[in-house]
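Hi there,

Here is the structure I promised to pass on to you. Have a look at it first, and then read on for what turned up.

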Amino acid sequence: MEKQRFYMQPSVLIKILVCAAVIAAFWFAPPVAPLTEIGMRVIGVFIGVILLLSLVDTVWPAMLAVVLLGQSGVCTINEAISGSIGNWIIYFVLMSFIMTHALNESGFTDRLVAKFMSMKLVSKSPWIFTISLGVLGMLLGCFMDQVPATAFMLAFVSRTYKELGYTGKDSYPHVANILTVFGVNVGGAMTPISHSLAILGIGIYEGATGNTLSLFSYLAFGVPTGLILFVLLCIVVRLLSHPDMSKFKDFKVENVLKKQGPMSLQEGTTAVIFFVTVIMWILPGILTMISDAAWIATFNSLGITFWAILSVVVMAVVQINGKPLLDVKTVVNQSINWGILLFISIGVYLGSAMSAESTGIVAAIQQNITPLTQSVAPIVVVFLIAAVSIIMTNFASNVSTITVMTGVGVALAMSSGGAISPVGIALVTTMCGSCAYLLPSSFATIAMLHGHEYSSRNKIYLFGILMIVITSIVIGFIGYPIGCALTGG
């Protein structure tokens with residue numbers, strides 16, 4: 001039996017000690033008005049925990065944050081628990097994960113891919129086929145969590161490359177991989193459907209302002225902005241890539257598609273429940289634009305979490321041949337990433353704690369930072385925030401980026417006297433925080449892209465940097481005005 005001893009890798013220990021020192025420094029440093037002692041402690045917790053989450057671990061620092069916030073004076077520990085893991089957002093994300101799992105397990109995703117890739121247009125030319133891979137990735141990314149969508153697409157394109165006879169040394173798979181995975185990430189940034197990152201940004205905005213942001217409003221902003229991003233991605237890849245496509249001469253897409261029989265009752269019922277639920281999430285925002293009738297207000301008061309929970313319950317209750325559409329118990333016990341839920345929960349509450357009046361943080365931003373932005377046009381400030389957000393999310397965690405930049409951006413907007421829209425800036429930072437392209441540390445999907453046998457890191461870096469620039473410009477100068485116009489910001 002090996003002798004046991006206390007041991008930790010020196011690099012990990014150093015990171016933990018540095019983060020603890022940051023927290024302690026703010027905890028005991030005298031405040032500078034209008035910051036309060038509580039505000040200094042909250043800032044220390046915010047910075048220290050974000051660093052721990054980014055550099056050390058994605059679970060236990062979230063638990064530590066609850067304890068520290070409970071001792072900072074901004075809230076009690078019970079309030080921190082209620083505001084983090086007890087937040088409606090966490091339950092909604094959990095239900096979304098379960099719904100997506102059911103849709104995949106039913107076989108509907110395979111059927112969607114087979115139907116899309118069998119269209120005559122897709123086989124018109126090698127470039128149309130390649131761009132279609134990106135479109136398919138984007139479509140799956142719109143309705144599924146990006147990680148399983150990426151895993152599905154990479155498995156599909158690998159079969160395609162083998163059928164065509166390409167190897168990892170050929171340039172074509174490198175280009176197709178980038179279009180496919182970047183497409184998934186853009187699709188994931190376009191909608192809040194089953195996407196924890198978008199819901200995180202919405203939650204931080206609502207916690208900081210006390211106002212609501214409907215899923216329809218996010219969709220109305222995200223879909224057109226994302227489509228512009230994807231079109232520009234395709235144009236850039238087409239202009240800068242010249243892969244050998246001669247192997248497409250005798251290619252038949254049917255050889256890489258899973259054969260589909262008639263849709264089963266389970267598959268069809270699951271798909272109907274899923275998409276009816278999505279409609280019910282979006283409908284309140286549409287109805288509000290049409291009328292202010294009392295019944296609409298009553299309908300809207302149900303909230304999106306109501307429909308998500310109801311959907312999961314219906315899938316669990318409805319049985320076919322004695323078996324439920326969804327075995328919720330098994331899914332919850334074996335297929336849910338509880339770590340990411342804890343990660344998101346503290347991200348939501350840290351953003352809210354930073355905006356609390358007792359901290360003086362918003363007042364400090366208004367006094368010290370807002371004057372610096374008054375010498376330039378508000379749209380330039382928005383662009384700078386978008387640029388910082390997109391750069392940050394391509395080096396660090398998406399959750400950390402959205403937590404930091406949405407909290408700071410909304411606080412800055414609230415103190416700008418109406419020059420900058422809080423809801424508009426929240427949409428900008430949330431979408432930017434979801435657009436990862438560059439490093440494996442940025443998002444799991446990019447790590448999967450880097451590790452794929454048919455990928456070229458040099459090409460990932462080239463197109464990743466170009467997309468960082470393009471995304472900053474599009475979301476800052478085009479997406480923000482769209483968001484403001486649609487939300488009245």
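Let me start with R111. Leaving out neighbours within four places in sequence, R111 is in contact (heavy atoms within 4.5 Å) with Q260, G261, P262, M263 and E267. R111 sits in helix α6, residues 108–117; helices here are DSSP runs of H or I with at least four residues, strands are runs of E with at least two, and both are numbered from the N terminus. R111 counts as buried because its relative accessibility is 17%, where buried means under 20% relative accessible area, exposed over 50% and partly exposed in between, with a 1.4 Å probe and protein chains only.

Before going further, a word on conventions. This is a predicted model, in which local features need pLDDT of at least 70 and side-chain atom pairs count only at pLDDT 80 or more, while totals for chains, interfaces and linings use all residues. Residues are numbered from 1 along each chain as its sequence is written, and side-chain values use heavy atoms, with hydrogens and water left out.

The largest pocket has a volume of about 710 Å³. For the method: on a 1 Å grid over the protein atoms alone, a pocket is an open set of points with protein on both sides within 12 Å along at least five of seven lines, whereas a cavity is a set of points where a 1.4 Å probe fits but cannot get out; lining residues have an atom within 4 Å of a point. Grid points are joined across faces, edges and corners, and the volume is the space filled by probe spheres set on the points.

The lining of the largest pocket consists of 31 residues, and V147, N337, I340, F443 and A444 lie nearest its centre. At least two lining residues each come from α2, α5 (88–105), α8 (146–164), α10 (196–209), α16 (338–354) and α19. The largest share, four residues, is supplied by α5. By class, the lining has 14 nonpolar, 15 polar and two charged residues; Ala, Val, Leu, Ile, Met, Phe, Trp, Tyr, Cys and Pro count as nonpolar, Asp, Glu, Lys and Arg as charged, and the others, Gly among them, as polar.

Among the buried residues of α10 are S196, Y205 and E206. The buried residues of α10 pack against α5, α8, α11 (215–240), α16, α19 and α20 (422–434). The 14 residues of α10 should span 20 Å at 1.5 Å a residue, and its end C-alpha atoms are 20 Å apart, which agrees; the expected span is 1.5 Å times one less than the number of residues. Just after α10, G210 takes a positive phi of about 80 degrees.

As for α16, 14 of its 17 residues are buried. At the start of α16, a side-chain oxygen of N337 comes to within 3.2 Å of the backbone nitrogen of G339.

M405 is in α19 (residues 398–414) and is buried, with a relative accessible area of 9%. Beyond four places in sequence, M405 is in contact with I385, V388, S389, M392 and T429. H450, in α21 (residues 444–451), counts as buried at 7% relative accessibility. Not counting residues up to four places away, H450 touches L438, L439, P440, R457, I460 and Y461. T305 belongs to α14 (residues 303–317) and counts as buried at 14% relative accessibility. With neighbours within four places left aside, T305 is in contact with W88, Y91 and F92.

Finally, some backbone geometry to check. Most residues other than glycine have a negative phi, and most peptide bonds are trans. N321 has a positive phi of about 55 degrees although it is not a glycine. N321 lies in the loop between β1 (319–320) and β2 (323–324), and is exposed, with a relative accessible area of 79%. A cis peptide bond, with omega about 10 degrees, joins A33 and P34. P34 is found in the loop between α1 (10–28) and α2 (37–55).

Definitions and conventions: Polar contact = N/O pair within 3.5 Å; in protein donor to acceptor, adjacent residues only side chain to side chain.
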